Amino acid sequence: NGIWAPAMISVYLCATAVFLCMVGGGLIGIAAAASDTVSRIIRPVNDLLQTLPQFVLLIPALMLFQVGDFTALLAIIAYAIVPMIRYTEHGLHSVPDTLIDAGRSCGCSPWQLFWQVRLPQAMPQILVGINQTILYGLGMLVIAALVGTTGLGQAIYVALGEADAGKGLIAGLGMALIAMTADRILQTLAKSTQG
């Protein structure tokens with residue numbers, strides 16, 4: 001049996017989780033950058049999600065939903081959303097004040113200031129956040145095999161249970177290739193936004 005089918009399941013599950021993290025985490029990061037109150041509220045939540053062991057994140061998802069891919073998706077989102085929030089907030093905060101002042105002096109509305117000044121300047125940091133979100137998602141995907149995913153994570157988990165080094169190595173390399181491919185694509189995007 002090849003690993004193409006489980007690899008594609010892993011890609012679909014991780015891509016869905018990353019997309020939801022990008023939307024949700026991006027919006028939360030934007031809100032945190034715009035409001036100190038939101039930033040103060042979200043910071044301890046981020047710290048909690050990042051310091052909890054990965055296995056612990058599976059428990060509330062399992063309590064609310066049955067074993068399966070949806071439960072794994074929720075656990076992956078809970079773990080992988082933190083870098084997206086943090087890098088989005090940091091990127092928007094690190095836009096130089098001189099650029100913001102220049103935008104205001106040109107007559108930009110707050111909406112135009114966000115889309116044409118702040119967001120393009122923050123994009124390299126946001127892309128780093130997306131990169132970290134993908135890596136966190138793939139890392140959590142292996143742990144999520146405990147709640148019934150059928151991707152490469154399960155193949156690694158089964159290989160571990162059978163002490164099958166060859167099967168585990170192949171599945172692990174498949175996971176690493178997915179991560180490396182995503183990383184190279186995002187590095188290229190980051191270079192194009194800087195250029």
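Helices here are DSSP runs of H or I with at least four residues, strands are runs of E with at least two, and both are numbered from the N terminus. Colour the chain by secondary structure: from the N terminus on, the elements run α-α-α-α-α-α-α-α. That comes to eight helices and zero strands.

Before zooming in, know that this is a predicted model, where local features need pLDDT of at least 70, side-chain atom pairs count only at pLDDT 80 or more, and totals for chains, interfaces and linings use all residues. Residues are numbered from 1 along each chain as its sequence is written, and side-chain values use heavy atoms, with hydrogens and water left out.

Now view the whole chain. Its C-alpha atoms fill a box of roughly 65 × 35 × 20 Å along the principal axes.

Next, select 97–105, helix α5, and 110–143, helix α6: they pack at an angle of about 160°, with their axes 10 Å apart. (Axes are lines fitted to C-alpha atoms, for helices over the stretch in contact, and angles run from 0 to 180 degrees between N-to-C directions.) That makes α5 roughly antiparallel to α6, a label for angles over 145 degrees. Show side chains for L99, I100, G103 and R104 of α5, plus L113, V117, R118 and Q121 of α6: these make the contact, meaning heavy atoms within 4.5 Å.

Last stop: residues 152–162, helix α7. Its buried residues are L152, G153, A155 and A159, buried being under 20% relative accessible area with a 1.4 Å probe, protein chains only. Just after α7, click A163, which takes a positive phi of about 55°.

Terms used: Buried < 20%, exposed > 50% of the residue type's maximum accessible area, 1.4 Å probe, protein only. Parallel < 35°, antiparallel > 145°, perpendicular 65-115°, else oblique.
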